[in-house]
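Please look over the structure shown here before reading on. The paragraphs below go through it step by step.

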Amino acid sequence: MTKTNNGLIEYCRAQLGLPYFYGTFGNKASRALYNQKKEQYPIYYTWDYSTKYDGRRVHDCAGLIKGY
């Protein structure tokens, strides 16, 4: 796939409203991923995991670009 600036914009727009998980780049949310990242980055995971995130794509700010 050829990456373009317009493609990046479309990708970013498609991610609006999805959960922010520090240290991720397009992973699918799960309690296991949450627990792994909470152990890895405890200061960024002070909130409780909710099953409403299950299966949803998650990124952090740099991961959003890397995910593309």
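This is a predicted model: local features need pLDDT of at least 70, side-chain atom pairs count only at pLDDT 80 or more; totals for chains, interfaces and linings use all residues.

Two residues are in contact here when they have heavy atoms within 4.5 Å of each other. With that cut-off, and leaving aside its neighbours within four places in sequence, tyrosine 53 is in contact with Pro19, Phe21, Ala29 and Trp47.

Consider the chain as a whole. The protein chain has 3 helices and 2 strands, and from the N terminus on these elements follow the order α-β-α-β-α. Along the principal axes, its C-alpha atoms fill a box of roughly 35 × 20 × 15 Å. The chain has 68 residues, and 29% of them count as buried. Its accessible surface comes to about 4800 Å², with 53% of that belonging to carbon and sulfur atoms. Among contacts with a separation of 6 or more, 72% are made by residues 24 or more positions apart.

Helix H1 covers residues 5-15, and Gly7, Tyr11 and Gln15 are buried in it. These residues lie on the same side of H1 because they cover an arc of only 75 degrees around the axis. The face turned away from that buried side carries the exposed residues Asn5, Glu10 and Arg13. What do the buried residues of H1 pack against? They pack against strand S2 (57-59) and helix H3 (61-67). Glutamine 15, in helix H1, gives a residue-level view. Glutamine 15 counts as buried because its relative accessibility is 12%, where the cut-off for buried is under 20%. Leaving aside its neighbours within four places in sequence, glutamine 15 is in contact with Arg57, His59 and Leu64. Just after H1, glycine 17 takes a positive phi of about 90 degrees.

The next topic is the nonpolar interior. In soluble globular proteins, nonpolar side chains tend to be buried together. The largest nonpolar core in this model has 8 residues, namely Phe21, Ala29, Leu33, Tyr34, Tyr45, Tyr49, Tyr53 and Val58. Tyrosine 53 is found in the loop between helix H2 (31-40) and S2. Is tyrosine 53 buried or exposed? At 17% relative accessibility, tyrosine 53 counts as buried. Tyrosine 53 and serine 30 are 23 residues apart in sequence, and their C-alpha atoms are 7.0 Å apart in space. Tyrosine 49 is another member of this core. Leaving aside its neighbours within four places in sequence, tyrosine 49 is in contact with Phe21, Ala29, Ser30, Arg31, Tyr34 and Asp54.

Strand S1 (residues 25-28) is the place of asparagine 27. Asparagine 27 is partly exposed, with a relative accessible area of 26%. Which residues is asparagine 27 in contact with, leaving aside its neighbours within four places in sequence? They are Leu33, Arg56, Arg57 and Val58. Asparagine 27 and glycine 63 are 36 residues apart along the chain, while their C-alpha atoms are separated by 9.5 Å.

Notes. Residues are numbered from 1 along each chain as its sequence is written. Side-chain values use heavy atoms; hydrogens and water are left out. Helices (H or I, at least four residues) and strands (E, at least two) are DSSP runs, numbered from the N terminus. Buried means under 20% relative accessible area, exposed over 50%, partly exposed in between (1.4 Å probe, protein chains only). Accessible areas come from the Shrake-Rupley method with a 1.4 Å probe; for residues, only the protein chains shown count as cover. The arc is that of the directions from the helix axis to the C-beta atoms. A nonpolar core is a set of buried Ala, Val, Leu, Ile, Met, Phe, Trp, Tyr and Cys residues joined through side-chain atoms within 4.5 Å.
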